[in-house]
Amino acid sequence: MSLDSSLKFGTSGLRGLAVELEGRAARQYTAAFLRHLASTGQTGMGQVFLGHDFRPSSRAILHDCAIAIRHAGLDAVDCGALPTPALALHAQARGCAAIMVTGSHIPADRNGLKFYSPNGEIGKPDEKGIVDWLDYGDIPDINVALANEADQARERYFERFTSFLPENTLTGMRIGVFEHSTVARDLLGRVLRHFGAETVSLGRIDGFVPVDTESFNDPVFKRVPGWIAEYWLDAVVSADGDGDRPLLVDEKGQFIRGDVLGLLAARHLHAESVVTPVTSNSAIEDLDLFDKVVRTRVGSPFVIEAMKTATGAVVGFEANGGTLIGNGVSSFGGRLKNLETRDAIVPILSAFGESLRLRMTVSELIADLPLKHALADRLQNVPSDSSAAFLNRLRQDATYAARIFDRWGVSRHADIDGLQFWTQSGDMVHFRASGNAPELRCYVEANSLARAEELVTWGLEVARRETLA
């Protein structure tokens, strides 16, 4: 007997429908994770730390994980609702494994598990190991008394940032925190106030709304630019549901793309090697800021794997802006401990730090970067087989691809993670199926913002016509 088919490992963790993950499946995947750790000598200190986001299903799924942990003879520790990087940091410091219950930015009817060994976020070989250890047997209910270290985990994460910038760096700034339902909302505001900023709470809700920080056209962001003028703000900041992807809107109400925030973080932290997926801006190599830029497939496991062999001070970031800290990295206050999992606060603070260092506003800072204009959006509720059929036809049928791109012409294409097409004018369109949800993503780069907006609108129209007709 197999577990429900919607559950699978994507770009970061196990994902699927919440109703299929809750109960038996969550317990089985947790048990398999623990068996895999035991088989590879990574059990750690006998505890497994648990955290969750604000999705309606997350608390119940955390309880299922705790039951499986207790059946395995280990102790479950509840860290409550907190950012994924905060959970990872606390568990690593205690020499223990961790599981974050989160669906991140995907729709609210879905959820997932992010697994951490005592050494950090697991990789693709670990995912295979977990699947290999699934035995699909029932794990019965038992009463589990959870130790609680929520306050300690949040405090450890806050302390990580207290010397990230010079004291009072943000004094005089008025920053809006779009709180919605991100678990990072309180910590993000607290960190900003620590450096002297005045913060304004915006859009806080008691329920849950999925926020994709790469999809600026999402209706959830409609009010954000207007808040700048309404509340006399210098910026608006936020994060996704589990607090590992940043959002920053500058003083002009312009959304800053995630890979630009990651780039600013790498520059601010004096990275020598940068690791980033193919979906990040293609001009990064041309900036000559780093000794080496390594490109990977999309997904934190691929970035982390490449970071392990990179040299010098190593910073990784994804196109969503989530920034990973590798070896040899220092901030203003000295050495920054490795945390090779996505983080939203690092790139936000780095952008403000670079703004201070260069005595520029955030908008001037971004305009000073000689990058192509890049945008991304996604088409939701696209069955995976429809996305695959569309991409395979583009890949295998040159006549079909030429017809699709007839309006722009094609000078070359690449088949790395999804399909990238460069137009005759040098712009780029990248179609890629999401690894986490039934979505088809479209990334574009162009020599002007107007053309980028035109291309991403066109790309989504093509994707809708070819996959949902």
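The largest nonpolar core of this predicted model contains 64 residues, and F164, L192, V237, L349 and F352 have the most contacts inside it. A nonpolar core is here a set of buried Ala, Val, Leu, Ile, Met, Phe, Trp, Tyr and Cys residues joined through side-chain atoms within 4.5 Å; buried denotes under 20% relative accessible area, exposed over 50%, and partly exposed the range in between, with a 1.4 Å probe and protein chains only. Another core, of 33 residues, lies apart from the largest one and includes A26, F33, V48 and L113. When neighbours within four places in sequence are left aside, F164 is in contact (heavy atoms within 4.5 Å) with F195, H268, L269, S331, F332, L336, V346, L349 and S350.

Residues are numbered from 1 along each chain as its sequence is written. Local features need pLDDT of at least 70 and side-chain atom pairs count only at pLDDT 80 or more, while totals for chains, interfaces and linings use all residues; side-chain values use heavy atoms, with hydrogens and water left out.

The protein has 15 helices and 23 strands, which are DSSP runs numbered from the N terminus (helices H or I, at least four residues; strands E, at least two). Its radius of gyration, taken over C-alpha atoms, is 22 Å, close to the 23 Å given by the globule rule for 469 residues, so the protein is as compact as a globular protein of that length. That rule is 2.2 Å times the number of residues to the power 0.38. The C-alpha trace spans about 60 × 55 × 45 Å along its principal axes. Of the 469 residues, 61% are buried. Among contacts between residues at least 6 apart in sequence, 69% join residues at least 24 apart.

Beyond residues up to four places away in sequence, A66 touches L50, A76, V144 and L146. The C-alpha atoms of A66 and L146 are separated by 7.8 Å, although the two residues are 80 apart along the chain.

On a 1 Å grid over the protein atoms alone, a cavity is a set of points where a 1.4 Å probe fits but cannot get out, whereas a pocket is an open set with protein on both sides within 12 Å along at least five of seven lines; lining residues have an atom within 4 Å of a point. Grid points are joined across faces, edges and corners, and a volume is the space filled by probe spheres set on the points.

The largest pocket holds about 760 Å³ of space. Its lining comprises 26 residues, of which F255, H373, A374, L375 and L449 are the closest to the centre. Strand β19 provides the largest share of this lining, 4 residues.

There are 4 cavities of 30 Å³ or more. The largest cavity has a volume of about 140 Å³, and of its 17 lining residues E214, R245, V298, N320 and R432 are the closest to its centre. The second largest cavity has a volume of about 60 Å³. Residues lining the second largest cavity include F9, K114, Y116 and P301, and strand β6 (residues 110-117) gives the most to this lining, with 3 residues.
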